[in-house]
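User: I am new to this structure. Please take one part of it and walk me through that part closely.

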Amino acid sequence: MTTAALSVDGLWKIFGPRSDRVIGTPDAELSRADLKAKTGNVVGVKDVSFDVAPGEVFVVMGLSGSGKSTLVRLLTRLIEPTSGSVTLNGEEITAASESKLREIRRHQVSMVFQHFGLLPHRQVIDNVAYGLEVRGVGKKERRAKAGEIVDLVGLTGYEKSYPDQLSGGMQQRVGLARALAGDPEMLLFDEPFSALDPLIRRDMQNEVIRLHRELGKTMVFITHDLSEALKLGDRILIMRDGAIVQIGSPDEVVARPADDYVKDFVSEVPKSHVLTLKWVMREPRPGESLEGPALPVTTIVRQAARAAIASEHPIRVVDGDELLGVVDEEDIMRVVVAEEES
Amino acid sequence: MTTTAPAPAVRKPVEPGAEPPPPERSSVSRWIPAAVVIGVWIVAYLLLEGTDTLALPGVARTDLHDRLTEFNNDLLASRDTNPVMQFTNSISDLLRSLFEWVQRMIVVPNPPRPVPEIGWLGVVAIATYIGLAIANWRIAVLVCLSFLSFGVLGYWQDSLDLLIVTGISVAIVIVLGMPLAVLVGTSTRANRAITVVLDLMQTMPTFVYLLPVVLFFGIGVSAAVVSTMIYALPPLVRIAGFGIREVPTATIEATDSAGQTYWQRLFKVQLPMARKTIIVGLNQTTLAALSMATLAAFVNGPGLGKPVLAGLRINDVGAAFVPGVLIVVMAVMLDRTTTAASERSEKVARGGGGNVRQRRVLLAVGGVGTLVAVYLSRTYIGLAEFPVYTIGDRIATWVNDVMDWVTSTFGGITGAFKDLVTTWLLNPMQSLIADSPWYVSFVAIAALAFVFGGARALVSSLVCLTGIWFFDLWHDAMITLTMTLVATVLVMVLALVFGVWMARDRKVDLGIRPLLDAGQTIPPFVYLIPVLALFGPSRFTAIVAGVVYAAPAAIKLVADGVKGVSPTTIEAGRSTGQTTWQEITKVQLPMAKGSLVLATNQGLLYVLSMTVIGGLVGAGALGYDVVYGFSRSEAWGKGLAAGITIVLLGVMLDRITRAAADVRRDDGPGPRRAFHTRLPIGFPGDRKVVET
């Protein structure tokens, strides 16, 4: 993929003394605990490679300590990688000079943080305008631009407030606005909604979906919450102990977990809400009726259920004009019932 | 206690299913070997009493002392050729002319004018306006009244001189200290290196660097400014550096990811976010500067310290009282003003601060008023020279009368108390420590250091004791050590009683804490006045002065430590049906042991730093040697040797108590960390800033 917005290749981060000596030796293959015992080094990120397409929402998911937050910081070198490369729009970030890196941070990529990281001594509008300010944009211009973004994230009227006068959800909207103000091509989210109440979290997730639809930015989204990952992600990368366990679309991850770790993870997920017809369709049996309604292969099982019940014939699963297979009431019930039993 | 104390956070948790950890070697209580050492010491004392004590009569000197004096004379003689001396002399000249220039502006006649450029009315108006501008109208009133009291009580010039010395020192400290603070706050390595130096500067009793400062900068204004600077620099660097370091990583990362430069990060994020802490540092620095500038009267520094010192020297309590009160007034004024300025700046930075337009009008009107006052004070001589009132003298006489009455009425009680402590505590200990042969005390002290602090403490104490022996003031050093220990015991008794009481009763805490804060704001000089009045010049007076000086800090440390014990643990203890006494002795105090050790450490150093001041009021020993060294040029070497000996004693006591704290295995990281963020004087009302 030469057109990737972001391309990560062989990325490593090892914390500790003389960490660069570990990579390429047999030690690198040791488990985390063994390496720590042997050399005193801790692996943060272990040989990670992936590409993110322009406009994609790419979710990195894992439990705490899995290295996901380290990974997102390596992307803009908030933490220096030990080895490997990160390429953003053809620009190799890992090889960039200090000033080039600053340019990239100012114009191409911005980040939203779990604990907001707002400046308590600045009003909302000046927090949002901070990125523009460090680039040297004049006061009037940056305030005008920041004002637009404040409206966009739904904070109209709060421009003159100070961060500690706002609720957590609103503070994170400020964080979001700050990231958007510089009009970057890519947004990085580091567990942005983990510190928020469930209801507010849902609002904010919908907000991100809306903004993505309206602005079409490429997003890399870190989370430890599987339902959030499934809801937002075009593709999901699952990490464990610093290494990749699986990369795939939400339905792939749920339907074909790469190992027991992922399987355990997705076992609680209501499959009918995630799986598409692709994962339940089958070859038509000989003599089976092909007169039922046609549904595209990307339809979620749950949405196909009503049509399947209403129709006497099996549903035809199509990709455009091509017939891929059929699904009947029983196939769909099997997914739903399996869920109940598990 | 091991049954109630929770596992410290530092110890590694055991994985479920793993082998149980090996039982820790149960160490014998350190008090048993300590008792053995002391027993042997007492036996040796009884056998060898009075031999080889290395006692040196009050005015006698040794060759070493004379060599030091000669060295001093040689340096002074070479002041025109030695580049270091030339350098320090030029700085000295610069400081003096700066001081004199400011003086001509606001307090002494500026020829050809018979009066200063700005007369008293103008000065009061400007000061009041500054109070209004950086804080609020209440502070402005406080400032105005304080300034008027300086004049009305008859110490206008001394007060302003003291303020000028303090002001110049603080200004220089800010210029030198802020870059250092930024280094401390942003670089781990610089932080470590600078902290070592600051620790050293703060372990040193305030008086000790006066001697070398005088050597290089001469007596008078410049020595006062330089020593004040040295004393006032550490709090700013430490506290401001701490504030900068504690800016949340989340904010730094978030703003870094916007692509800011180093300077943008510093000026737009780190400094604004640390603003409140920086101003607290400034507050501490100002008060430290004031207290040192007062003490600089010893080296002929200008200001209110002079009349206090003069009064103390001739045992005239009344004469020392009025300037003493004015020092307190000035301390309170500076403390309140900087604190209020800090609060206001924080409020403004977060959008508070009231009606902006109304404030602008107020400031504009105030500004015009100030200008008018300045003009008037330049025009009318009565508004330029502060009128003379006799009220100050009358107060002094009245105080002397009251003191006479108090001493004649309560003299019996205070005398009895004094005799009690002297006979039963001070004399026996002094006999044991100072009248044993020097080698016996040497070995015994080193052995005790080993018992309490392990090998590290042993090494430091061997080095320090050898140094003390080398400087030929062994006997005096042992007497001073005795007084320091006795005073520290009294400090700890007070600290335990009041600390536990404050920790257990919120109302008591609310009542006592402001008094302690005030006590820490007052320059140590001032304590001596009432203590001297009550007890007359003696060793005991010096001890009481040391106790009064050290107690507030120790009480606060103990109170905070006991208060820091987790309520869950206390509830758990209560649910087993323990009595209050058991709760205190078996739960609260053992769990607060880290704070107790820290309080002891601070108590020792505070008390020791009063040694020289105690020398003024009959403490004898090292304090007297230093004072004598100041007053006689032929004894300069002995004074220096005494100063160095005090430092060695301080370093030794500091190392032993620190090592004792580290040897303890069951205290969490909290109190020990406090050693590294230690502050020289109290941190009014906000200690947790340092410890968290």
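Analyst: Start with how chain B is divided. Its domain assignment gives domain 1 (31-58 + 398-691) and domain 2 (65-73 + 86-117 + 153-353); such bounds come from an automatic or database domain assignment. This is a predicted model, where local features need pLDDT of at least 70 and side-chain atom pairs count only at pLDDT 80 or more, while totals for chains, interfaces and linings use all residues. Residues are numbered from 1 along each chain as its sequence is written, chains are lettered from A and ligands numbered from 1 in the order in which they are written, and side-chain values use heavy atoms, with hydrogens and water left out.

Now the part to look at: the interface of the two domains. The C-alpha centres of domain 1 and domain 2 of chain B lie 27 Å apart. In contact (heavy atoms within 4.5 Å) are 55 residues of domain 1 of chain B and 51 residues of domain 2 of chain B.

The buried area between these two domains of chain B is about 4500 Å². That term means the accessible area (1.4 Å probe) that two parts lose on being put together, summed over both. Carbon and sulfur atoms give 76% of it. Three residues stand out on the domain 1 side: B:Phe525, B:Phe630 and B:Trp636 supply 17% of the area that domain 1 of chain B buries against domain 2 of chain B, more than any other three residues.

Which elements build the domain 1 side? Those giving two or more residues include α16 (391-435), α24 (593-609), α26 (621-631) and α27 (636-663) of chain B. Helices here are DSSP runs (H or I, at least four residues), numbered from the N terminus. The largest share, 13 residues, comes from α27(B).

By class, this side of domain 1 of chain B has 37 nonpolar, eleven polar and seven charged residues. Ala, Val, Leu, Ile, Met, Phe, Trp, Tyr, Cys and Pro count as nonpolar, Asp, Glu, Lys and Arg as charged, and the others, Gly among them, as polar.
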